[in-house]
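Please take a moment to look over the sequence and the model before reading on.

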Amino acid sequence: MVAKSCVFIDATLRIVLPLADEYRTEKLLKECEDLIREDVGSVSETDMYIPPSKVVTYLRWVEQYNLHKVENCVVRLGSFLKTEQLEDVADYKNVSLRLQLDVSNARAKLFESLMVFDLLEAESKVKVLQIPRASCYMTEWKRIIAARVEVFLSLSTTSPEPEPSFRRFWASSSSTGHIVSLGKSRTTRIMPPVAATFACISLCDRLNLSTTYTKSILKLKSLDINPERFVELWSSFYRIRTANEHAGMERHLLEMCKSI
């Protein structure tokens, strides 16, 4: 099965799942699970938004058709939404109390993990926890992160010894910066304000915070980082390896060049 669109996925599953379950066609059930897993996974890679009604439908299908292999990813998707958003869906009352509790527990663990101290840690958590890109998910937390980025960007962090109060934005980082390899036995030191600015760019890009993303790019200029130096530092700091990572860096570079 190849997912062509949200409508295609939904229509396909509504038709195929009951038949696959009735005749216990394991291969077909597995393909349905793969389709659900692909759909759910898309929210972390694209701007895809799966509404609460569809999340509830997936939760119901997990139980109704014993789709245990996708239970965890569907529960995790539910944890990105507010309880009220799910409860507003009439069919949510038909989801078992066990699954509802699993979603609540997953949400609690998620927000416990997102209690971050600085921008570098926030960036790391967003990547590790695969926070959805669409603005409809975790709106309040994203608003808090955006506010912290705004405050950091408004500060003058270019002095050799930034004020102690500034350091809260990179508390998890060494005060002496990060030593990174530039290849051929060359190394350089990325100071905390630069690392924090990189984190801002990465965070704003991944969370679709367009206004603060532009400001983060402009921050590079105040740090005296030119395009060539940006590529050198960014690729070393993030250890760019894959084509997607390289494409992301080039996109940031293009925005940087536009702002010069």
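Is M138 buried or exposed? This is a predicted model, in which local features need pLDDT of at least 70 and side-chain atom pairs count only at pLDDT 80 or more, while totals for chains, interfaces and linings use all residues. Residues are numbered from 1 along each chain as its sequence is written, and side-chain values use heavy atoms, with hydrogens and water left out. M138 is buried, with a relative accessible area of 4%; buried means under 20% relative accessible area, exposed means over 50%, and partly exposed lies in between, for a 1.4 Å probe and protein chains only.

M138 is found in the loop between α7 (119–128) and α8 (139–154), where helices are DSSP runs (H or I, at least four residues) numbered from the N terminus. The phi of M138 is near 50 degrees, a positive value in a residue other than glycine. R24 also has a positive phi, of about 50 degrees, although R24 is not a glycine, and its place is in the loop between α1 (6–22) and α2. R24, however, counts as partly exposed, at 40% relative accessibility.

The loop between α7 and α8 also holds I131, which counts as buried at 0% relative accessibility. Leaving out residues up to four places away in sequence, I131 touches, among others, F80, L110, M138 and R206, a contact being heavy atoms within 4.5 Å. I131 and F230 are 99 residues apart in sequence and 26 Å apart in space, C-alpha to C-alpha.

Apart from its neighbours within four places in sequence, F198 is in contact with L220, F230, L233, W234, F237 and Y238.

The largest pocket has a volume of about 670 Å³, and of the 19 residues that line it, the closest to its centre are K127, D205, R206, N244 and E245. A pocket is an open set of points on a 1 Å grid over the protein atoms alone, where a 1.4 Å probe fits, with protein on both sides within 12 Å along at least five of seven lines, and lining residues have an atom within 4 Å of a point; the volume is the space filled by probe spheres set on the points. The largest share of the lining, seven residues, comes from α12.

Key
Helices (H or I, at least four residues) and strands (E, at least two) are DSSP runs, numbered from the N terminus.
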